[in-house]
Amino acid sequence: MKAFFILVFIILSTSSSFATEQAEQLFNQLKPSLYQIKLIDKASGEKSSIGSGFQISKDGIIATNYHVISSYALHPKKYRMEYLDGEGNTGLLALKSVDVINDLALVKRDIDATNDAQANFFQISATAPHKGEQLFSLGNPHDLGMIVVPGTYNGLKKESFNERIHFTGSINSGMSGGPVVNKNAKVVGINVATSGNSIGFLVPHDKLAQLYEAFLLSPPESIEQQMAAQLTANQNKLMTSILNSTWHEKSLGKYGMIPIIDVPFIRCWGDSNADKDDALILAAVANCSLDENTYISSHFFTGAMEMEFRYMQANNIGSNKFYHLYQQQIAHAGAGNRANKDNVTQYQCHHDLVMPDNKMIENKSILCTRAYKKFPDLFDVLYLSASIDKHNQALVSHFTIAGINQENALTFTRKFMEAVSWN
Amino acid sequence: MELVNEQYVTEKADMKELIIEEINRNHKLLHRHKLNKNSIHVGRDYHNDIILSDPHICPSHISIDFIDNQWQITDNQTINGTFVENPKEKKHEANQHIVRDGDVISLGKSQLRLLFSDHAVEPTVAFSAFESFINFMRHPLALFISIAFFTIIAGGIIYFDRPIEVNFSQLLVPAISMTLGFALWPAGVALVSHLTKHDARFMSQLAVSFALFNLMWFSDIFQSIVIFNSSSNNMLPMFVTFLFVILAFTLFWLNSYIGFHMSSKRRIVISACLTLLLFGGTYLIQYSKKPEFDPRANYNATIMSPSFLLMSSNNADKFIADSNKLFEQTSKKAQEK
C-alpha cells in the first residue's frame, strides 16, 4: 500500500515538474506588480476586507474585483483603501472606475516617478485562451501571502448571461481580484468566484480591457451614477434578449400551459408529488431561474430572476377544502434577491381579478414592487397569479425579477400573464 | 270611615317610619331594615334594634330618636365616633345631627343609609328590545342549536386547514375544546357578576355570547367573500372589518346588560372600552411584532372556490395600468429616506 502511494506521488511529481518550474518563473517575474488590497475601517483602524489586485498601467492603475472594494465604493467616508506590495510597502489607493456587472474595479496608487522598479505592470492579452490551455492564477488567499495556482481554461460558463470563464483550479477567498495569466504572462482573466472542488470562475480579460479603455476616454464623474447606469443598461440588455426570444408553450400537469423561454441562461427544474398516494393535492412544479447575482454589497444582490409554475389537482377532497389548502400555498412569497432596508423600500402590492386577453383562464393576480434607494428607477418586482376558475384544479404562476425598470417589468408581466393558461 | 281617617292622621302625625340600609363602601346594599319606633338603638350588643358585628362599633353606639317630628342622632360617647358622610359634603360629627332623607352615616368601619318612607325612587326601567332576544336565545333548544352550530363551524375550519386526511374523532376533539374555550368568556362574565353581588345568569350569558360568536363566523365568511371579489383599489373590505368591531361592541354591551345593573351611559362606555382594548390591543401586539424591514411581500391572498366568485374579472390592460401606480408609490418612498 505504501509503495503504491509513493508510486503515485512520483508519477504526479514528474508530470507536473515542468508546470511547477514554469509557475515559479512566472511568479518571480510578475510578483512586483501584484498587490494585496485592503479596506481599513477608519474608526477601528483595522482591515475589514482583503483581496488581490494587479497593476495594468505605467501610471499606477490597479485592477481588482468590485466586490473587494464595494464597501469603499458605497461608504467612502467609513473606509480607506490601501495596498501592500511584495516588499511590504503600503500606500493609499483612490477609486477610479467600476464595472458592477462584471465585478471589476480600477484603483490607482501614487507612483514615485524616480523609481524604475515600479514601472512594471501586467499586459492584458489580446486573444482568448483555447480550451485546455494551462493558466496560472495569482493571488493572496486568506491573507497567507501571494501564491500561484496552475489550472486549466475550460471555456465560458454556458448558462451565464454575463460571460464568465470556467477555470479548473483552486481559487480561494482573498484571491479575488488577482490576475490569471497564460504562459506568456499575459492577463486572460480575473479571479472572481469559486464553487468549490477546483471549480473557479474568472472574468474574461476583454471586460477589463473595455473598462480600462472607457476610463481612459472619459473617467466617470460619480461611481454611484456609473453603477446605476450599468445596472440599467444590463437589465435592458437582459429583458430585450428575453422578450425577443421564443416563448415555447409547454404543458404542466394535466391541464396547465406554461411558457418556457428559449434562452440558454435560464435553466428549469421540475418536481411533483406523484409518488405520494395519500396526498390530498397532486402537484407538479416547474422552476426556471437565471443564475445571475450581481453583487452590490454583502447585504444587497440584484439581477436575479426566477419563475415558478405550480399545477395542482384535488385528490378526493371538496372544492372548499381544496381552495383552503391552495390559499396556504400562495399566502407567502418573498424576494428572490437579498436586500435590506438601506437598499430597498418595503414591498407594496396590488391585487385584482384578471382575465387575460386569451380568455382561457381567470386569475387572482398580485404584483408587488419595491424601489431601490440608491439607484433611481430600478425595482424588485414580484408577481403571483392563482387561477380561480376551476373547482378542482389550480395553476399558479409566479416570478420575481431583481433590478428592473418600470417599463421592462410591466412589458414582461403583460407577456407572462398571456402565456399562462389552461389547455 | 271617620275612624280610619283619624287613625291615618295620627300615624302620620306622631310616627314616621325610618328605613335603615346597611351598605358597603361602594354604597351597595347589604341589608335593609324598616323600623316603626320612636327610638332606634344601633350597636354591637344584642339589645339593639340593629345589631352590627363590626368590632370598631361600641355595644351601645348610637340611638336615633323621633323628637318634634324629626329624627335626631345621639352618639353615646363612643370610642371611634359617628360621622355623617354624605357624598359631595364635608364629613362631620353625627352627634345631635338632624336626619335628612338619604343621609349616610359611618360608625366604626360600617356605613348606614337612612331613608324616609316617602323617599323618591328611580323610574321603572322598561325591558330592552334585547330582552326578548335574550329570552329566545336562552331557551334550551335555541341554546343547544347555537352551541352545536358553533362546534360544527369550528370543526369545519379545522377540517379545511388540515393538509392531511382526518377522521371524525380527530375533528370532534379539537372542535369541542374550541367550543369549551369560547364558553370560558360567558362563564367568566357570569362569575364576575356573581362576585359583585349581581345575579349570575350564566345561561343567558352563554346564549348571548354564542349567538354573537356565530354572527362573527358569518361576518368572517362574508369578509372573505368581499376580499376575494374585490381588487386592492376597493375600499369595501375596510368597511366589512368594521362589522367585527360592531359585533364585539354588541357582545360586550349584552354581557354587561345581563350581568350588571348600571346606567345605560356607563354600559356604553364600558363596552366601548372593552372593544377598544380588544382591537387596540391586537393592533398593538401586531405592530410590536412587525420587523423594521420585511423582505417578504405582504399581500392579501384570499381565494375561494369559484362558487363564491361574484364579480367579473378585469382585463390585463387594466391590471397593468393599476400597477403603474405601485412604481410611483415605491419610488416616492425610496426618495423619502
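Two strands are taken to pair if DSSP finds at least two bridges between them. In this predicted model, such pairing links the two chains: strand 22 of chain A and strand 12 (residues 314-315) of chain B run parallel and are joined by two bridges. Within this pairing, B:N314 of strand 12 of chain B stands opposite A:V354.

The contact between the chains involves 56 residues from chain A and 40 residues from chain B. On the side of chain A that touches chain B, two or more residues are given by each of helix 5 (319-330), strand 21 (333-334), strand 22 (348-355), strand 23 (363-371), strand 24 (379-387) and helix 6 (406-419) of chain A. Helix 5 of chain A provides the largest share, nine residues. By residue class, this side of chain A comprises 26 nonpolar, 17 polar and 13 charged residues.

Chain A also contains a closed barrel of six strands, in the order 1-2-3-6-5-4, with antiparallel pairing. From one strand to the next, the twist averages 40°. Strand 1 (residues 34-41) and strand 2 (residues 47-55) of chain A run antiparallel and are connected by seven bridges; A:K38 has A:I50, in strand 2 of chain A, as its bridge partner.

Conventions
Residues are numbered from 1 along each chain as its sequence is written. Chains are lettered from A and ligands numbered from 1 in the order in which they are written. This is a predicted model: local features need pLDDT of at least 70, side-chain atom pairs count only at pLDDT 80 or more; totals for chains, interfaces and linings use all residues. Two residues are in contact if their C-beta atoms, placed from the backbone, lie within 7 Å. Helices (H or I, at least four residues) and strands (E, at least two) are DSSP runs, numbered from the N terminus. Ala, Val, Leu, Ile, Met, Phe, Trp, Tyr, Cys and Pro count as nonpolar, Asp, Glu, Lys and Arg as charged, and the others, Gly among them, as polar. Axes are lines fitted to C-alpha atoms, for helices over the stretch in contact, and angles run from 0 to 180 degrees between N-to-C directions.
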